[in-house]
Amino acid sequence: MAICFHPLKPTCISPSSNHYRPNLHARSFRCNFSKTLTADPQPVFTSVKSFAPATVANLGPGFDYLGAAVDGIGDFVSLRVDPDVRPGEISIVDIDGVGDSGKKLSKNPLWNCAGIAAISVMKMLGVRSVGLSLSLEKGLPLGSGLGSSAASAAAAAVAVNEIFGRKLGVDDLVLAGLDSEAKVSGYHADNVAPALMGGFVLIRSYDPLELIPLTFPSDKELFFVLVNPEFEAPTKKMRAALPSEIGMSDHVWNCSQAGALVASILQGDLRGLGKALSSDRIVEPRRAPLIPGMEGVKKAALEAGAFGCTISGAGPTAVAITDDEEKGREIGERMAEAFLEEGKLKAVAMVKKLDRVGARLMSSNLR
């Protein structure tokens, strides 16, 4: 269990301050420091269940400032008012899901990404009079490059906010997710922001935090081909491989590709998007050799007709993009075969759409 009340907490000013659904027409969310809510809120529900989707971060040249939400896979959090938990505290009672999540993840809320985010939201709300118990259902494998920790944090943040009547906006919930990410993988929002907001999100600034939703045209189809090998790539290890210095020519090249990437997202230009996300000269060249077979997997994706291919987040999942679901399945098969032939790794391929909604309430029980 962990005590959650604290007198101060960074919060944000945004066009969507009364709900956590983003205003997709807003240019950005700018966050500043202010006092936490002073009144001790009472729960509206006895229990809630929330979901947060997987995410693809970096998108090639967008290292630490671009990410997208992926439909159909993610984590669930069940939260309930629990009289057996001391007021103002939270207890993680169960962790289950894919792989060995239940064995590897701590039930201490101070060392669990869902617990940390839940505590942060309780601090913002000033919860002191009720205790909560939390159950985490992992739909994402650990260390997969699909935003596993961010999905847990986002689902937990939404669950706490919902159980107390949705008093906080998406901006505050991103800050809560950042508290979690900072302790498990680093202070970056390119997973947790799209997990909460849906769609593509650009992080313009971290101090203050400023988020820019990038709206992919609703009349265009986008499919992510996600190929996850049986190989764990811890974020800290993959970050340690990054260069300490960057040459000016590589800097200019990556900046131009990131600009093209953003333009392609807004225009719905999948060929341009694929070309840009395949063109990173700074991060991918250092990380790809650490993922057995990655170079061959990328080559196989492009030869099979993908518009582009890169490493999802810190890896080891490889992500390719296409505009056709059936074509995506063919691309995924070729990529999985390449992982086996080139890297001696078994891999699972999935074809998923862009998640345009983000973290959401799945069910609730009124008091």
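## Helix α2

Asn112 caps the N-terminal end of helix α2, with a side-chain oxygen 2.9 Å from the backbone nitrogen of Ala114. Helices (H or I, at least four residues) and strands (E, at least two) are DSSP runs, numbered from the N terminus. The model is predicted: local features need pLDDT of at least 70 and side-chain atom pairs count only at pLDDT 80 or more, whereas totals for chains, interfaces and linings use all residues. Residues are numbered from 1 along each chain as its sequence is written, and side-chain values use heavy atoms, with hydrogens and water left out.

Helix α2 covers residues 113–125, and its 13 residues should span 18 Å at 1.5 Å a residue; the end C-alpha atoms are 19 Å apart, which agrees. The expected span is 1.5 Å times one less than the number of residues. Twelve of the 13 residues are buried, so α2 is largely enclosed by the rest of the structure. Buried means under 20% relative accessible area, exposed over 50%, and partly exposed in between (1.4 Å probe, protein chains only). The buried residues of α2 include Cys113, Ile116, Ile119, Met122 and Leu125. Just after α2, Gly126 takes a positive phi of about 75°.

## Overall architecture

The protein has eleven helices and 14 strands. Of its 367 residues, 57% count as buried. Among contacts between residues at least 6 apart in sequence, 77% join residues at least 24 apart; contact means heavy atoms within 4.5 Å.

The structure holds zero disulfides, a disulfide being a pair of cysteine sulfur atoms within 2.5 Å. Cys309 is buried, with a relative accessible area of 0%, while Cys255 counts as partly exposed at 42%.

## The largest pocket

The largest pocket has a volume of about 730 Å³. It is lined by 39 residues, of which Gly143, Ser149, Val184, Ser185 and Thr235 lie nearest its centre. The elements that give two or more residues to this lining are α2, α3 (148–163), α4 (170–184) and α6 (235–240).

On a 1 Å grid over the protein atoms alone, a pocket is an open set of points where a 1.4 Å probe fits, with protein on both sides within 12 Å along at least five of seven lines; lining residues have an atom within 4 Å of a point. Grid points are joined across faces, edges and corners, and the volume is the space filled by probe spheres set on the points.

## The loop holding Asp82

Asp82 is placed in the loop between β5 (66–81) and β6 (89–97) and is buried, with a relative accessible area of 7%. Its side chain makes a polar contact of 3.3 Å with that of Arg80. A polar atom of the Asp82 side chain also lies 2.9 Å from the backbone nitrogen of Asp84. A polar contact is a pair of N or O atoms within 3.5 Å; within protein, one must be able to donate a hydrogen and the other to accept it, and residues adjacent in sequence count only if both atoms are side-chain atoms. Leaving aside neighbours within four places in sequence, Asp82 is in contact with Gly131, Leu132 and Ser133.

## Backbone exceptions

Most residues other than glycine have a negative phi, and most peptide bonds are trans. Asn58 has a positive phi of about 80°; this residue is buried, with a relative accessible area of 6%. Arg166 has a positive phi of about 55° and lies in the loop between α3 and α4.

A cis peptide bond joins Asp207 and Pro208, with omega about 5°. Another cis peptide bond joins Gly315 and Pro316, with omega about 10°.
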